[in-house]
Amino acid sequence: MPQRYGDLNLHDTAPRALRVVMGAIAGLCAATALAHVTLVFLHVAPVNPVSQRLQKPIQAWVYPFFEQNWLLFAPNPNAYNTQIFARTGWTTETGEGAMTDWVDISTADIAATEHNPYPSRATQAMLRRAWVSYTTAHGEDDVAYGEWSQIRAEYLRNIAVQRIRERHPHRFETIRLKVVTSTIAPPDTGGAAPTVPAEPATRTLPWWNATSDGS
Amino acid sequence: MAVDQTSRVLPTPGSTETEPERSTARWLRNRFDHGYRLLTEEPLSLYATAFLRIGSGLLFMVLLVREFPHRHLIWGPEAAFTPDLARRMFDETGWFSVLTLSDDPQYFEFCYVVALLAGCLFMLGWRTRATSLVFAVMVASFYSRNLLITDGGDNLAVLLAFYLCFTACGRVWSLDARRARRREYAAFPDVPGPAGMVRRFTVTVLHNCALLVIMAQMCILYGSAGLYKVQGNLWADGTALHYVLDTELFRPWPALSDFVDGHQVMIAISCYVTVLVQVAFPFSLFSKLKYVVVGILIAMHAGIAVLLGLPLFSAVMILADMVFLPDRFYRAAARKGSALLRPGRATPRR
């Protein structure tokens, strides 16, 4: 009988001793819920005296299971498109260094998205987000800040290795990425002079060790 | 603030009491009693939470079925985000995933089947409380296995899965409920005596608290999403959506994106409505205005689903918005639905 809970007031019909227990349960649950909501609120709120004072409990409570990523195109959507190239290098039998030309590893993602009502995250998100994660974890000099950056760099490298291996099945020892970023032009406002799109910026990453079996 | 309210409290007939403190205290006690009854008398919004359960289970299955051909690339032992990277990430973040307990490909396939099964059984409401725990573990495991590929929709799906564990979301529209109705089977066994009373009471309180937390979570989500956008100059000048529509991986229908992008006034209005509705969301919930706001948000997410090619993200957001619709809406919708499905039957079961 699913509905039976609604038609009697458990608290009022319970013996007195039980009411105390129930009151305690209700108090505990309500307090936990309110504490949770308060801590989560303080976590997403800008830094303030309260959140500064409670920084440790907030972090301990929210991370990792209650993390809150609600940026959702905020504060500004990314106003650029990126094209990512990779080239591989290896040592020839005579001991000389050799390398391939730049191979586009990102344009296939756009093709996979087009006319697809539900693109896979393997094409729509994987490389794009890996690159964004890399840039947020590294400065322009590509120096890793520690494990946090290292994980992102290795992930980006692994994606590149996987994608280039599909097309260049020969052995290679090193891999290098080149990322061309084109700024999206502001909307054409009509009357004003047409905006000249800025030249795409090219960023070449250092050579990374990589074997063609992905390790 | 409490002092302002004293004027609203009418003295009871025959009472000579006029001191503000006394009536303030009484007002507070009345409010407290009201809140306590609301919290403890019965589980609220049972249909809304059941809908959330069905939706969560279904969308998790949709994700797993959609990504089935790509599962090895995204979560498998051979993924670019290797199990080793995932474990190093867990050391950094404190996350956990059952998927990295073994690097055996067979084990991964086994987990995939368990996850699909958990999603299906949770959707159907089979032994709901136990299933909800397995479901939450599986949703969190797939999420944390590759954090760098997730979006806000996945984040919300994980939170919903956690919160739903505390709700009585299997009470209606579930196999549990059907069994209870058909065979008088005690799917919610009535333990006699004080222990049973405490148990029922605790279930109710936990449910209502979790419901409150889900609603508060949505307020925090939209409030912060809106206030973050207020700080962006592209949302302020009404061109943010132009840049989103020109982002290559968010253009599944280029002709449609270009068409929408060609209407700058519409883009600017959409930008402003997006920000205003998100910021207004928490404040609209205490009036009928919430139906307008929830309606706009659902329309907005439907637009995102089609225009930006993010159907799963949008579906999770819409699903969570539905928690704010009252049970009478769900019951009416179910009546309409079953009348349409079974026109012969005069009085549908539910």
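**Exercise 1. Into which domains is chain B divided, and how many residues of domain 1 are in contact with domain 2?**

Step 1. Chain B splits into domain 1 (42-189) and domain 2 (224-332), with bounds taken from an automatic or database domain assignment. Before going on, note that this is a predicted model, where local features need pLDDT of at least 70, side-chain atom pairs count only at pLDDT 80 or more, and totals for chains, interfaces and linings use all residues. Residues are numbered from 1 along each chain as its sequence is written, and chains are lettered from A and ligands numbered from 1 in the order in which they are written.

Step 2. The C-alpha centres of domain 1 and domain 2 of chain B are 26 Å apart.

Step 3. In chain B, 17 residues of domain 1 are in contact with 13 residues of domain 2 (contact: C-beta atoms, placed from the backbone, within 7 Å).

Step 4. On the domain 1 side, helix 3 (46-66) and helix 8 of chain B each supply at least two residues; helices are DSSP runs of H or I, at least four residues, and strands are runs of E, at least two, numbered from the N terminus. Helix 3 of chain B gives the largest share of that side, ten residues.

Step 5. By type, that side of domain 1 of chain B has eleven nonpolar, five polar and one charged residue. Here Ala, Val, Leu, Ile, Met, Phe, Trp, Tyr, Cys and Pro count as nonpolar, Asp, Glu, Lys and Arg as charged, and the others, Gly among them, as polar.

**Exercise 2. Which helix of chain B supplies the largest share of the side that touches chain A?**

Step 1. Start with the contacts: 71 residues of chain B meet 68 residues of chain A.

Step 2. The largest share of the chain B side comes from helix 10 of chain B, with 19 residues.

Step 3. Sorted by type, this side of chain B holds 40 nonpolar, 18 polar and 13 charged residues.

**Exercise 3. Which residues have the most contacts inside the largest nonpolar core?**

Step 1. A nonpolar core joins buried Ala, Val, Leu, Ile, Met, Phe, Trp, Tyr and Cys residues through C-beta atoms within 7 Å; buried means that 20 or more other C-beta atoms lie within 10 Å of a residue's own, placed from the backbone.

Step 2. The largest core has 128 residues, and Val139(B), Leu160(B), Ala161(B) and Val316(B) have the most contacts inside it. Helix 10 (residues 193-230) of chain B contributes the largest share, 15 residues.

Step 3. Zoom in on Ala161(B): not counting residues up to four places away in sequence, Ala161(B) touches Ser56(B), Phe135(B), Ala136(B), Val139(B) and Ala140(B).

Definitions and conventions. Buried ≥ 20, exposed ≤ 12 C-beta atoms within 10 Å, placed from the backbone. Contact = placed C-beta atoms within 7 Å.
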